[in-house]
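Student: Here is a model I would like to go through. Please hold each term against its definition.

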Amino acid sequence: MANQGPKSQTILVVGGGIAGVTAAVEAAETGYDVIMLERGPALGGRVAQLNRYFPKLCHPTCGLEINFQRIRKLKNLRVVTMASVSEVKGEKGDYTVSVSVAPRYVNANCTACGACAEATDMEVDSPFNYGLSKTKAAYLPHEHAFPMRYVVAPSAIGTPEADKIKAACKYDAVDLEDKGESFDVNCGAVIWATGWEPYDPEKLESYNYNLSADIISNVQMERLANHDGPTAGRIVRPSNGEPVKKVAMIQCAGSRDHNHLPYCSRICCLGSLKHAVYVREQYEDAEVDIYYIDLRAHDKLEAFYQRVAADPQVNFVKSKPASIRIDEEGRPVLCGENTITRELYEAPYDLVVLATGMKPAASEGYVPNIAMEQDEYGFLVPSIEGDGGIIPAGVAAGPLDVSMSVQSATAAALKAIQAVGPKS
(Lines give C-alpha, C1' and ligand atoms only; values in the text may rest on other atoms or scores of the structure.)
Protein backbone atom coordinates (compact mmCIF):
# COMPACT_ATOMS: atom_id res chain seq x y z
CA MET A 1 0.00 0.00 0.00
CA ALA A 2 1.39 3.41 -0.94
CA ASN A 3 2.49 5.81 1.80
CA GLN A 4 -0.36 8.25 2.37
CA GLY A 5 1.97 10.90 3.84
CA PRO A 6 1.20 13.12 6.85
CA LYS A 7 -2.40 14.00 7.61
CA SER A 8 -1.26 17.41 8.81
CA GLN A 9 1.70 19.57 7.82
CA THR A 10 1.05 22.12 10.54
CA ILE A 11 4.00 22.53 12.94
CA LEU A 12 3.27 23.23 16.59
CA VAL A 13 5.88 25.05 18.69
CA VAL A 14 5.48 24.82 22.47
CA GLY A 15 7.26 27.69 24.18
CA GLY A 16 7.67 31.32 23.18
CA GLY A 17 11.18 32.08 24.41
CA ILE A 18 14.10 32.77 22.09
CA ALA A 19 14.24 29.12 20.97
CA GLY A 20 10.51 28.83 20.36
CA VAL A 21 10.29 32.15 18.55
CA THR A 22 13.26 31.25 16.36
CA ALA A 23 11.90 27.80 15.48
CA ALA A 24 8.41 29.16 14.73
CA VAL A 25 9.64 31.98 12.51
CA GLU A 26 12.12 29.79 10.62
CA ALA A 27 9.48 27.14 9.90
CA ALA A 28 6.77 29.66 8.97
CA GLU A 29 9.04 31.57 6.60
CA THR A 30 9.44 28.40 4.54
CA GLY A 31 5.68 28.40 3.98
CA TYR A 32 4.43 25.95 6.60
CA ASP A 33 1.51 26.74 8.89
CA VAL A 34 2.83 27.18 12.42
CA ILE A 35 1.10 27.57 15.78
CA MET A 36 3.19 28.82 18.70
CA LEU A 37 2.03 28.40 22.31
CA GLU A 38 3.43 30.42 25.21
CA ARG A 39 2.24 29.84 28.77
CA GLY A 40 3.10 33.41 29.85
CA PRO A 41 1.35 36.62 28.74
CA ALA A 42 4.10 37.66 26.27
CA LEU A 43 6.82 36.20 24.07
CA GLY A 44 10.54 36.43 24.76
CA GLY A 45 10.97 34.13 27.75
CA ARG A 46 14.07 34.55 29.93
CA VAL A 47 15.86 36.53 27.23
CA ALA A 48 13.32 39.34 27.55
CA GLN A 49 14.28 39.60 31.23
CA LEU A 50 18.00 40.00 30.56
CA ASN A 51 19.71 43.36 30.77
CA ARG A 52 22.41 42.62 28.19
CA TYR A 53 24.02 39.75 26.29
CA PHE A 54 27.65 38.73 26.59
CA PRO A 55 30.21 39.22 25.08
CA LYS A 56 29.30 42.46 23.29
CA LEU A 57 26.94 43.60 26.05
CA CYS A 58 24.23 44.64 23.62
CA HIS A 59 20.59 44.74 24.68
CA PRO A 60 18.36 41.71 23.93
CA THR A 61 15.37 43.86 23.01
CA CYS A 62 16.93 44.53 19.60
CA GLY A 63 17.09 40.87 18.61
CA LEU A 64 13.66 40.17 20.04
CA GLU A 65 12.05 43.10 18.23
CA ILE A 66 13.48 41.91 14.90
CA ASN A 67 11.81 38.55 15.47
CA PHE A 68 8.55 40.19 16.54
CA GLN A 69 8.58 42.17 13.28
CA ARG A 70 9.03 38.90 11.38
CA ILE A 71 6.07 37.40 13.27
CA ARG A 72 3.84 40.36 12.37
CA LYS A 73 4.49 39.74 8.67
CA LEU A 74 3.69 36.03 8.78
CA LYS A 75 0.02 35.32 8.14
CA ASN A 76 0.67 31.58 8.50
CA LEU A 77 2.01 31.89 12.07
CA ARG A 78 -0.54 31.96 14.90
CA VAL A 79 0.57 32.98 18.40
CA VAL A 80 -1.41 31.90 21.47
CA THR A 81 -0.29 33.20 24.88
CA MET A 82 -1.35 31.97 28.33
CA ALA A 83 -1.44 28.52 26.73
CA SER A 84 -0.18 25.16 27.98
CA VAL A 85 -0.29 21.65 26.54
CA SER A 86 -2.22 19.11 28.58
CA GLU A 87 -1.99 16.06 26.30
CA VAL A 88 -0.39 14.84 23.08
CA LYS A 89 -1.80 11.87 21.15
CA GLY A 90 -1.01 10.30 17.82
CA GLU A 91 2.11 9.88 15.73
CA LYS A 92 4.34 11.79 13.36
CA GLY A 93 2.22 13.47 10.74
CA ASP A 94 -0.96 13.14 12.79
CA TYR A 95 -0.80 14.45 16.35
CA THR A 96 -3.75 15.72 18.35
CA VAL A 97 -2.56 18.19 20.96
CA SER A 98 -4.91 19.38 23.72
CA VAL A 99 -4.30 23.01 24.69
CA SER A 100 -5.54 24.90 27.76
CA VAL A 101 -5.56 28.70 27.74
CA ALA A 102 -5.62 30.47 31.11
CA PRO A 103 -7.73 33.62 31.48
CA ARG A 104 -5.96 36.91 30.81
CA TYR A 105 -9.02 39.04 31.60
CA VAL A 106 -7.99 41.42 28.81
CA ASN A 107 -9.07 40.84 25.21
CA ALA A 108 -7.69 41.94 21.85
CA ASN A 109 -9.42 45.34 22.10
CA CYS A 110 -6.60 46.47 24.42
CA THR A 111 -4.59 49.45 23.15
CA ALA A 112 -2.08 49.35 26.03
CA CYS A 113 -3.14 52.84 27.08
CA GLY A 114 -2.52 52.04 30.76
CA ALA A 115 -5.79 53.48 32.11
CA CYS A 116 -6.58 50.19 33.86
CA ALA A 117 -3.31 50.27 35.81
CA GLU A 118 -3.87 53.90 36.79
CA ALA A 119 -7.31 53.06 38.14
CA THR A 120 -6.20 50.55 40.75
CA ASP A 121 -4.19 50.82 43.94
CA MET A 122 -3.83 47.07 44.28
CA GLU A 123 -0.31 45.72 43.78
CA VAL A 124 1.08 42.23 43.28
CA ASP A 125 4.63 40.85 43.09
CA SER A 126 6.19 41.55 39.71
CA PRO A 127 6.85 38.23 37.97
CA PHE A 128 9.01 39.99 35.38
CA ASN A 129 11.29 41.41 38.09
CA TYR A 130 11.50 38.07 39.91
CA GLY A 131 9.69 39.48 42.93
CA LEU A 132 12.13 42.36 43.50
CA SER A 133 9.30 44.88 43.10
CA LYS A 134 5.56 45.24 42.97
CA THR A 135 3.38 45.98 39.96
CA LYS A 136 -0.22 47.09 39.61
CA ALA A 137 -2.86 44.36 39.53
CA ALA A 138 -3.48 45.40 35.91
CA TYR A 139 -0.10 45.43 34.22
CA LEU A 140 1.78 45.28 30.95
CA PRO A 141 4.15 42.27 31.09
CA HIS A 142 7.07 44.52 30.10
CA GLU A 143 7.76 47.56 27.96
CA HIS A 144 8.46 45.57 24.77
CA ALA A 145 5.75 42.96 25.32
CA PHE A 146 4.43 41.02 22.34
CA PRO A 147 1.48 41.01 22.19
CA MET A 148 1.33 44.56 23.57
CA ARG A 149 -1.62 43.83 25.82
CA TYR A 150 -2.29 44.23 29.53
CA VAL A 151 -3.04 41.43 32.01
CA VAL A 152 -5.22 41.47 35.10
CA ALA A 153 -3.81 39.52 38.04
CA PRO A 154 -6.10 36.61 39.06
CA SER A 155 -5.95 37.79 42.69
CA ALA A 156 -7.83 40.95 41.70
CA ILE A 157 -10.81 39.09 40.26
CA GLY A 158 -13.87 39.32 42.47
CA THR A 159 -12.61 42.38 44.36
CA PRO A 160 -13.70 46.02 44.10
CA GLU A 161 -10.35 46.75 42.44
CA ALA A 162 -11.36 44.59 39.48
CA ASP A 163 -14.46 46.73 39.02
CA LYS A 164 -12.29 49.86 39.02
CA ILE A 165 -10.03 48.31 36.39
CA LYS A 166 -12.96 47.42 34.14
CA ALA A 167 -14.64 50.81 34.55
CA ALA A 168 -11.44 52.62 33.52
CA CYS A 169 -11.20 50.89 30.12
CA LYS A 170 -12.70 52.91 27.24
CA TYR A 171 -12.32 50.08 24.75
CA ASP A 172 -14.28 47.29 26.46
CA ALA A 173 -11.02 45.31 26.65
CA VAL A 174 -11.35 44.12 30.26
CA ASP A 175 -13.31 40.88 30.51
CA LEU A 176 -13.72 39.88 34.14
CA GLU A 177 -15.80 36.85 33.11
CA ASP A 178 -12.94 35.34 31.11
CA LYS A 179 -12.78 31.64 31.96
CA GLY A 180 -10.05 30.70 29.51
CA GLU A 181 -10.60 28.04 26.90
CA SER A 182 -9.51 24.62 25.72
CA PHE A 183 -9.05 23.40 22.16
CA ASP A 184 -7.29 20.71 20.15
CA VAL A 185 -4.63 21.23 17.50
CA ASN A 186 -3.98 18.73 14.73
CA CYS A 187 -0.35 18.91 13.63
CA GLY A 188 2.30 16.85 11.94
CA ALA A 189 5.25 17.77 14.18
CA VAL A 190 5.83 19.35 17.59
CA ILE A 191 8.85 21.43 18.61
CA TRP A 192 9.24 21.37 22.38
CA ALA A 193 10.97 24.62 23.42
CA THR A 194 9.79 25.03 26.99
CA GLY A 195 13.06 26.48 28.30
CA TRP A 196 14.22 26.61 31.89
CA GLU A 197 13.52 27.76 35.41
CA PRO A 198 16.13 29.41 37.67
CA TYR A 199 17.20 27.08 40.45
CA ASP A 200 15.51 28.11 43.69
CA PRO A 201 18.11 29.85 45.92
CA GLU A 202 15.95 29.16 48.97
CA LYS A 203 17.09 25.55 48.73
CA LEU A 204 20.68 26.66 49.46
CA GLU A 205 20.06 26.76 53.20
CA SER A 206 23.62 27.63 54.24
CA TYR A 207 23.47 30.80 52.12
CA ASN A 208 20.47 32.24 54.01
CA TYR A 209 18.90 33.78 50.92
CA ASN A 210 15.70 34.51 52.83
CA LEU A 211 17.44 36.38 55.66
CA SER A 212 18.79 39.30 53.62
CA ALA A 213 17.43 41.35 50.74
CA ASP A 214 21.08 41.96 49.81
CA ILE A 215 21.53 38.32 48.78
CA ILE A 216 20.05 37.95 45.32
CA SER A 217 20.20 35.49 42.43
CA ASN A 218 21.86 36.04 39.07
CA VAL A 219 18.51 36.46 37.28
CA GLN A 220 17.50 39.08 39.83
CA MET A 221 20.79 40.90 39.15
CA GLU A 222 19.76 41.18 35.49
CA ARG A 223 16.59 42.97 36.52
CA LEU A 224 18.37 45.14 39.09
CA ALA A 225 20.71 46.41 36.36
CA ASN A 226 17.98 46.98 33.77
CA HIS A 227 16.62 50.46 33.08
CA ASP A 228 13.02 49.23 33.45
CA GLY A 229 13.82 47.12 36.51
CA PRO A 230 12.90 47.79 40.15
CA THR A 231 15.53 50.54 40.62
CA ALA A 232 15.53 52.01 37.08
CA GLY A 233 18.88 50.33 36.42
CA ARG A 234 20.70 51.52 39.55
CA ILE A 235 22.64 48.70 41.20
CA VAL A 236 22.03 49.37 44.89
CA ARG A 237 21.49 47.38 48.05
CA PRO A 238 17.87 46.18 47.85
CA SER A 239 17.60 46.46 51.64
CA ASN A 240 18.14 50.23 51.86
CA GLY A 241 18.89 51.65 48.41
CA GLU A 242 22.50 52.52 49.27
CA PRO A 243 25.26 52.27 46.62
CA VAL A 244 27.22 49.03 46.46
CA LYS A 245 30.98 49.32 46.88
CA LYS A 246 31.88 45.72 47.60
CA VAL A 247 30.10 42.92 45.75
CA ALA A 248 30.51 39.13 45.81
CA MET A 249 29.56 36.70 43.06
CA ILE A 250 29.30 33.06 44.12
CA GLN A 251 29.74 30.62 41.25
CA CYS A 252 28.06 27.21 41.11
CA ALA A 253 25.48 28.19 43.74
CA GLY A 254 23.66 24.87 43.80
CA SER A 255 25.30 23.65 40.58
CA ARG A 256 27.80 20.80 40.19
CA ASP A 257 26.39 19.60 43.48
CA HIS A 258 24.67 16.23 43.85
CA ASN A 259 22.43 17.71 46.53
CA HIS A 260 21.06 20.24 44.03
CA LEU A 261 21.97 20.42 40.30
CA PRO A 262 24.75 17.92 39.55
CA TYR A 263 25.65 19.50 36.19
CA CYS A 264 27.22 22.72 34.88
CA SER A 265 24.70 25.17 33.37
CA ARG A 266 27.33 26.60 31.00
CA ILE A 267 26.32 30.28 31.28
CA CYS A 268 26.76 31.05 35.00
CA CYS A 269 30.46 31.99 34.99
CA LEU A 270 29.99 34.23 31.99
CA GLY A 271 26.89 35.75 33.58
CA SER A 272 28.88 36.67 36.70
CA LEU A 273 31.65 38.19 34.57
CA LYS A 274 28.96 40.28 32.92
CA HIS A 275 27.57 41.28 36.30
CA ALA A 276 31.03 42.41 37.38
CA VAL A 277 31.05 44.69 34.33
CA TYR A 278 27.63 46.08 35.30
CA VAL A 279 28.94 47.03 38.76
CA ARG A 280 32.20 48.52 37.50
CA GLU A 281 30.38 50.62 34.90
CA GLN A 282 28.36 52.28 37.65
CA TYR A 283 30.99 52.57 40.39
CA GLU A 284 34.59 53.55 39.68
CA ASP A 285 35.69 52.57 43.19
CA ALA A 286 33.69 49.35 43.57
CA GLU A 287 35.39 46.00 44.13
CA VAL A 288 33.95 42.73 42.87
CA ASP A 289 35.07 39.35 44.22
CA ILE A 290 34.17 36.29 42.16
CA TYR A 291 34.25 33.06 44.17
CA TYR A 292 34.68 30.04 41.92
CA ILE A 293 35.36 26.33 41.73
CA ASP A 294 36.49 26.56 38.10
CA LEU A 295 35.94 29.35 35.60
CA ARG A 296 34.40 28.20 32.35
CA ALA A 297 34.30 30.52 29.35
CA HIS A 298 33.53 28.27 26.44
CA ASP A 299 34.57 28.71 22.81
CA LYS A 300 35.42 32.25 21.71
CA LEU A 301 34.16 33.72 25.00
CA GLU A 302 37.62 33.26 26.55
CA ALA A 303 38.34 36.80 25.29
CA PHE A 304 35.45 38.13 27.36
CA TYR A 305 36.91 36.50 30.47
CA GLN A 306 40.32 38.00 29.73
CA ARG A 307 38.77 41.44 29.33
CA VAL A 308 37.07 41.29 32.73
CA ALA A 309 40.09 39.69 34.43
CA ALA A 310 42.22 42.65 33.32
CA ASP A 311 40.25 44.93 35.64
CA PRO A 312 42.35 45.27 38.83
CA GLN A 313 39.20 45.79 40.90
CA VAL A 314 37.72 42.44 39.89
CA ASN A 315 39.24 39.69 42.04
CA PHE A 316 38.99 35.93 41.59
CA VAL A 317 38.89 33.81 44.74
CA LYS A 318 39.18 30.06 44.27
CA SER A 319 36.71 28.92 46.88
CA LYS A 320 33.21 27.61 47.34
CA PRO A 321 31.93 29.66 50.33
CA ALA A 322 30.66 27.35 53.06
CA SER A 323 28.02 29.73 54.39
CA ILE A 324 26.69 33.26 54.55
CA ARG A 325 25.80 34.90 57.85
CA ILE A 326 24.27 38.31 58.47
CA ASP A 327 26.28 40.70 60.68
CA GLU A 328 25.00 43.25 63.20
CA GLU A 329 24.76 45.92 60.50
CA GLY A 330 22.67 43.67 58.27
CA ARG A 331 25.43 42.98 55.75
CA PRO A 332 25.91 39.47 54.37
CA VAL A 333 29.24 37.92 55.40
CA LEU A 334 30.80 35.12 53.34
CA CYS A 335 32.55 32.42 55.35
CA GLY A 336 34.88 29.82 53.90
CA GLU A 337 38.40 28.83 52.93
CA ASN A 338 40.55 30.04 50.04
CA THR A 339 41.60 26.73 48.48
CA ILE A 340 44.84 28.18 47.09
CA THR A 341 46.16 30.06 50.13
CA ARG A 342 44.37 27.79 52.66
CA GLU A 343 43.34 30.92 54.55
CA LEU A 344 39.97 31.10 56.26
CA TYR A 345 37.90 34.19 55.54
CA GLU A 346 34.87 36.05 56.86
CA ALA A 347 34.23 38.80 54.30
CA PRO A 348 31.34 41.31 54.53
CA TYR A 349 29.68 42.63 51.37
CA ASP A 350 27.09 45.18 50.33
CA LEU A 351 25.61 42.75 47.80
CA VAL A 352 25.98 39.02 47.19
CA VAL A 353 24.89 37.50 43.88
CA LEU A 354 24.28 33.74 43.75
CA ALA A 355 25.00 32.28 40.32
CA THR A 356 22.25 29.68 40.37
CA GLY A 357 21.88 27.25 37.48
CA MET A 358 19.28 26.36 34.88
CA LYS A 359 16.67 23.78 35.74
CA PRO A 360 14.69 22.46 32.74
CA ALA A 361 11.05 23.49 32.81
CA ALA A 362 10.20 19.93 31.81
CA SER A 363 11.46 18.71 35.18
CA GLU A 364 8.98 21.10 36.82
CA GLY A 365 6.09 19.28 35.14
CA TYR A 366 5.82 21.36 31.98
CA VAL A 367 5.70 18.32 29.74
CA PRO A 368 2.78 15.94 29.10
CA ASN A 369 3.09 12.25 28.36
CA ILE A 370 4.69 12.51 24.93
CA ALA A 371 6.94 10.34 22.80
CA MET A 372 10.09 11.68 24.46
CA GLU A 373 12.03 10.83 27.55
CA GLN A 374 14.00 12.88 30.05
CA ASP A 375 17.65 12.33 30.87
CA GLU A 376 18.88 11.97 34.43
CA TYR A 377 18.81 15.75 34.84
CA GLY A 378 15.31 16.35 33.45
CA PHE A 379 16.29 17.62 30.00
CA LEU A 380 14.36 16.20 27.06
CA VAL A 381 15.81 13.73 24.60
CA PRO A 382 14.03 11.95 21.73
CA SER A 383 12.97 8.48 22.81
CA ILE A 384 14.63 5.56 21.05
CA GLU A 385 11.13 4.31 20.34
CA GLY A 386 9.97 7.77 19.25
CA ASP A 387 8.87 8.50 15.70
CA GLY A 388 10.92 11.67 15.23
CA GLY A 389 7.92 13.98 15.11
CA ILE A 390 8.47 15.59 18.51
CA ILE A 391 11.71 17.57 18.70
CA PRO A 392 13.29 19.30 21.72
CA ALA A 393 14.88 22.71 21.12
CA GLY A 394 16.93 25.19 23.11
CA VAL A 395 17.40 24.73 26.84
CA ALA A 396 14.61 22.14 26.94
CA ALA A 397 17.29 19.83 25.51
CA GLY A 398 20.24 20.98 27.66
CA PRO A 399 22.02 24.03 29.13
CA LEU A 400 22.76 26.52 26.33
CA ASP A 401 23.50 30.19 25.96
CA VAL A 402 21.36 32.41 23.73
CA SER A 403 23.32 31.92 20.51
CA MET A 404 23.38 28.15 20.98
CA SER A 405 19.65 28.14 21.72
CA VAL A 406 19.03 29.93 18.42
CA GLN A 407 21.16 27.38 16.57
CA SER A 408 19.34 24.52 18.28
CA ALA A 409 15.97 26.06 17.35
CA THR A 410 16.91 26.45 13.70
CA ALA A 411 17.96 22.79 13.62
CA ALA A 412 14.66 21.81 15.28
CA ALA A 413 12.70 23.75 12.64
CA LEU A 414 14.48 21.81 9.90
CA LYS A 415 13.79 18.50 11.64
CA ALA A 416 10.11 19.42 11.96
CA ILE A 417 9.94 20.27 8.25
CA GLN A 418 11.55 16.94 7.43
CA ALA A 419 9.00 15.19 9.69
CA VAL A 420 5.98 16.66 7.90
CA GLY A 421 7.47 16.34 4.43
CA PRO A 422 7.62 18.68 1.40
CA LYS A 423 4.93 21.35 1.36
CA SER A 424 1.94 19.99 -0.50
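Predicted model: local features only at pLDDT ≥ 70, side-chain atom pairs only at ≥ 80, totals over all residues.

Tutor: Residues are numbered from 1 along each chain as its sequence is written, and side-chain values use heavy atoms, with hydrogens and water left out.

Student: What makes domain 2 and domain 3 separate domains?

Tutor: The bounds come from an automatic or database domain assignment, which gives 115-168 as domain 2 and 200-356 as domain 3. Their C-alpha centres lie 32 Å apart.

Student: How do you know how much area domain 2 and domain 3 bury between them?

Tutor: Buried area is the accessible area (1.4 Å probe) that two parts lose on being put together, summed over both. For domain 2 and domain 3 this comes to about 720 Å², 63% of it on carbon and sulfur atoms. On the domain 2 side, Tyr130, Leu132 and Glu143 lose the most, together 68% of what that side buries.

Student: How many salt bridges cross the interface of domain 2 and domain 3?

Tutor: The rule asks for a side-chain nitrogen of Lys or Arg within 4 Å of a carboxyl oxygen of Asp or Glu. Across this interface it finds 0 salt bridges.

Student: Why are 11 residues in the lining of the largest cavity called nonpolar?

Tutor: Ala, Val, Leu, Ile, Met, Phe, Trp, Tyr, Cys and Pro count as nonpolar, Asp, Glu, Lys and Arg as charged, and the others, Gly among them, as polar. By that rule the lining divides into 11 nonpolar, 3 polar and no charged residues. A cavity is a set of points on a 1 Å grid over the protein atoms alone where a 1.4 Å probe fits but cannot get out, and lining residues have an atom within 4 Å of a point. Of the 14 lining residues, Cys110, Cys113, Cys116, Cys169 and Ala173 lie nearest the centre of the largest cavity.

Technical notes:
1 Å grid on protein atoms, 1.4 Å probe; cavity = no way out; pocket = protein on both sides within 12 Å on 5 of 7 lines; lining within 4 Å.
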